[in-house]
Amino acid sequence: MDAGAVRAYYAAKSQHERDRLLSDEGLLERVLTTRLLEPHLGAPGRALDLGGGTGPYSVWLAELGWDVSLADLSPELLAIAASSLPAGTVREVVEIDARDLSRWGDHTFDAVLSLGPMYHLTTAADRDRAARELARVTRPGGLVAVALMPRYVSVRRLVSLPDERWQLADPAFLDRLLDDGVLDNAVPDRFTHVFGVDPAAVTPFFESYGFSTLLLASTHGFLTGVEDGLEALRVEQPAAYTHLLDRLVATAGDPSVLGTAGHLLYVGRLCASRQTRPDS
């Protein structure tokens, strides 16, 4: 990961990121993420909102009674969080790289939400470091939730943007997107250094680090790309919206929607027997 390039993107898009999960673009993602996670959270304890940006999920966890540490790579997003979160929402606001969580000791957290960092870890070595750290700071039996991007979403995004799609004219660029899942965007200040997963590889990857899988799901269900229409339905036909949302939650793990999802959510628990780093 080029941490400087990733920081630069979020610095340029800090206001957008502040509002994204509260707008039509991200509202479904936030609602489905919380609906999918809540049944697995259990009794409140200490939580790490890693890559939490301006803190929308920190607020949600705090409202449920969790003691939350908010951490992110972007100082601009954390500055927005520090100035806007209600007093007492979080224990601490920390600028940190997901590959190095040495600020915290082993087994510190009862739950870790990592809803962003894995998007940007384009090398196997970086993903290995981040997964080891995730396992290290989670207590045995603790919950982890990790957001991921399928590789096809980067292709769809590029096709939809006239000032970025020219990059697809390079066959090697497209092959790297589809075969390796890596997007290095040549357009300045755009979403870049992105790793798109093969959904079939997600569960084996996390289980190799000692996690027991509870769920792999699409946080847009089968409505990726039409989120604004769903929000219009919520306003126009609330009962229909509620019923459809229930069906989205129930079918979010359908394998037929995982590859074309806007985002994936992996949920697991650290096995009680895994009390050391995976290579120990």
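How many bridges join strand E4 (residues 109-114) to E5, and do the two run parallel or antiparallel? The close-ups below start with that pairing, and every one of them shows a predicted model.

**View 1. Strands E4 and E5 side by side.**
Strand E4, residues 109-114, is joined to E5 by five bridges, and the two strands run parallel. To find your way in, look for Val112: its bridge partner in E5 is Val144. Strand E5 itself covers residues 138-150. Most of E5 is tucked away, with ten of its 13 residues buried.

**View 2. A closer look at Ser114.**
Ser114 sits in strand E4. Is Ser114 buried or exposed? With a relative accessibility of 5%, Ser114 counts as buried. Once its neighbours within four places in sequence are set aside, Ser114 is in contact with Leu50, Ala145, Val146 and Ala147.

**View 3. Strand E9 and its two partners.**
Here we move to strand E9, residues 264-270. E9 pairs with E5 in the antiparallel sense, over six bridges. How many of the seven residues of E9 are buried? Six of them are, so E9 is mostly covered. As a reading tip for any strand view, side chains in a regular strand alternate between the two faces of the sheet.

**View 4. Helices H7 and H8 packed together.**
Two packed helices are described by the angle between their axes and the distance between the axes. For helix H7 (residues 151-160) and helix H8 (residues 171-180), the angle is about 150 degrees and the axes are 8 Å apart. The two helices are therefore roughly antiparallel to each other, as an angle over 145 degrees counts as such. On the H7 side, Arg151, Tyr152, Ser154, Val155 and Leu158 make the contact. On the H8 side, the residues are Phe173, Leu174, Leu177, Leu178, Asp179 and Asp180. What kinds of residues make up this contact? They divide into seven nonpolar, one polar and three charged.

**View 5. Leu168, in the loop between the helices.**
Leu168 has its place in the loop between H7 and H8. Leaving out neighbours within four places in sequence, Leu168 is in contact with Leu158, Val159, Phe173, Leu174 and Leu177. For a sense of scale, take Leu168 and Glu231: they are 63 residues apart in sequence, and their C-alpha atoms are 32 Å apart in space.

**View 6. Val153 in helix H7.**
Back in helix H7, we can pick out Val153. Val153 counts as buried, at 13% relative accessibility. Beyond its neighbours within four places in sequence, Val153 is in contact with Ala261 and Gly262. Where does Gly181 come in? Gly181 is 28 residues from Val153 in sequence and 9.8 Å from Val153 in space, going from C-alpha to C-alpha.

**View 7. Trp104 and Phe109, an aromatic pair.**
The structure holds five aromatic pairs. In the pair shown here, the ring centres of Trp104 and Phe109 are 5.4 Å apart and the planes are at 75 degrees, so the pair is edge-to-face. Trp104 is buried, at 6% relative accessibility. Phe109 is buried too, with a relative accessible area of 0%.

Phe205 and Phe206 form an edge-to-face pair, with 5.0 Å from centre to centre and 85 degrees between the planes. Phe205 is partly exposed, at 24% relative accessibility, whereas Phe206 is buried, at 1%.

**View 8. His107 and its backbone.**
His107 is found in the loop between strand E3 (92-95) and E4. What is worth a look is its phi, which is positive at about 60 degrees although His107 is not a glycine. His107 counts as partly exposed, with a relative accessible area of 31%.

Terms used
Residues numbered from 1 in each chain as written. Predicted model: local features only at pLDDT ≥ 70, side-chain atom pairs only at ≥ 80, totals over all residues. Heavy atoms only, no water. Buried < 20%, exposed > 50% of the residue type's maximum accessible area, 1.4 Å probe, protein only. Helix = DSSP H or I, 4+ residues; strand = E, 2+ residues; numbered from the N terminus. Pairing = 2+ DSSP bridges. Axes fitted to C-alpha atoms, helices over the stretch in contact; angles between N-to-C directions. Parallel < 35°, antiparallel > 145°, perpendicular 65-115°, else oblique. Contact = heavy atoms within 4.5 Å. Nonpolar A, V, L, I, M, F, W, Y, C, P; charged D, E, K, R; others polar. Phe/Tyr/Trp six-rings, centres within 6.5 Å; stacked < 30°, edge-to-face > 60°.
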